[in-house]
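Thanks for coming. I will go through a few local features of one model, and you can follow along on the screen.

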Amino acid sequence: MRAIDAKKITEVVREMCIRVNRYLPRDVEKCLAAAAAREESAIAKEVFRQLTENIKLAAETGLPLCQDTGLAVLFIEIGQDVHIRGNLREAINEGVRQGYKDGYLRTSVADPVSRTNTGDNTPAVIHYDIVAGDRLHIGLMSKGGGSENMSRVTMLAPAEGWEGVKKFILTRVAEARSNPCPPITIGVGMGGSFEQSAILAKKALLRKLDDVNANPDLAAKEQELLGQVNKLGIGPMGLGGVTTCLGVKILTSPCHIASLPLAVNIQCHSSRHEEVDL
């Protein structure tokens with residue numbers, strides 16, 4: 001049994017909150033640069049120039065990449081041979097609280113009824129999974145409201161199949177247009193149940209843009225969707241161009257034979273996420 005002190009978890013989460021809001025992941029930055037090189041529209045090229053300048057300024061000044069520093073969403077994998085000294089949930093929320101305070105990040109969490117701001121960006125949204133081993137894996141993303149609001153969950157009839165899945169995703173992106181600050185990343189959750197499909201779609205956004213799905217069929221479907229989304233011509237910031245989407249990431253789970261749960265979780269161009277092992 002390996003012990004991890006809750007204070008260590010708080011320290012790590014604090015630093016992650018600050019980093020993800022200041023420094024764009026390298027895979028995202030490379031993908032944006034490649035997209036900029038492909039653009040032919042002068043307006044689209046200018047948008048990419050401004051995005052690139054914004055990335056540089058955030059890294060140099062310590063200011064956040066975006067004024068919407070998001071909701072802290074965490075995926076925690078706990079090794080079955082790990083013992084946490086202290087309260088894990090409290091440790092994570094304290095890390096978020098400190099990170100947003102010390103990083104001078106905007107707090108964006110409010111009661112859904114009164115709309116009263118909690119003042120410290122907590123509680124975070126935390127998903128737990130028990131896995132083999134003696135490690136604690138922390139995946140954190142800062143999820144802005146503009147992109148999150150464009151996300152949807154539906155229950156398709158199994159007979160609708162892949163064509164129904166594609167239609168739903170393409171319609172959602174077309175309806176969202178500039179609202180999620182494209183070029184976007186699309187997380188797709190297929191299967192499981194109503195709530196699990198949404199979690200899968202969110203977790204898919206932790207994948208690196210340059211990875212390849214281990215399932216060849218899903219890898220082909222991701223590329224098919226990416227091509228069709230980019231043909232919509234929405235372009236960076238919705239001003240037209242060949243790059244509406246940087247990547248499509250699909251996660252699946254077996255589902256009831258009478259159901260086809262489907263979730264689409266859209267992420268903005270500033271795909272802020274990080275993963276750490278303890």
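Let me start with asparagine 121, which sits in the loop between helix 4 and strand 4. Helices here are DSSP runs of H or I with at least four residues, strands are runs of E with at least two, and both are numbered from the N terminus. Before I go on: this is a predicted model, where local features need pLDDT of at least 70, side-chain atom pairs count only at pLDDT 80 or more, and totals for chains, interfaces and linings use all residues. Residues are numbered from 1 along each chain as its sequence is written, and side-chain values use heavy atoms, with hydrogens and water left out.

Back to asparagine 121: its phi is positive, about 65 degrees, although the residue is not a glycine. Is asparagine 121 buried or exposed? Asparagine 121 is buried, at 0% relative accessibility. Buried means under 20% relative accessible area, exposed means over 50%, and partly exposed is in between, with a 1.4 Å probe and protein chains only.

Tyrosine 104 also has a positive phi without being glycine, near 55 degrees, and it too lies in the loop between helix 4 and strand 4. Tyrosine 104, however, is exposed, with a relative accessible area of 73%.

That loop, between helix 4 (88-102) and strand 4 (125-131), also holds proline 123. The peptide bond joining threonine 122 and proline 123 is cis, with omega about 5 degrees. Another cis bond runs from proline 182 to proline 183, and there omega is near 15 degrees. Proline 183 is in the loop between helix 6 (161-176) and strand 7.

Four strands form an open sheet in the order 6-9-7-8, with mixed pairing; two strands pair if DSSP finds at least two bridges between them. At the edges are strand 6 (152-156) and strand 8 (245-253), each pairing on one side only. Strand 7 (residues 184-191) and strand 9 (residues 260-267) run antiparallel and are joined by six bridges. Within that pairing, glycine 189 has alanine 263 of strand 9 as its bridge partner.

Last, the lining of the largest cavity. A cavity is a set of points on a 1 Å grid over the protein atoms alone where a 1.4 Å probe fits but cannot get out, and lining residues have an atom within 4 Å of a point. Which residues line the largest cavity? They are Leu24, Leu32, Leu51, Asn54, Ile55, Leu65, His269 and Ser270. Helix 3 (residues 42-61) gives the most to this lining, with three residues.

Methods:
1 Å grid on protein atoms, 1.4 Å probe; cavity = no way out; pocket = protein on both sides within 12 Å on 5 of 7 lines; lining within 4 Å.
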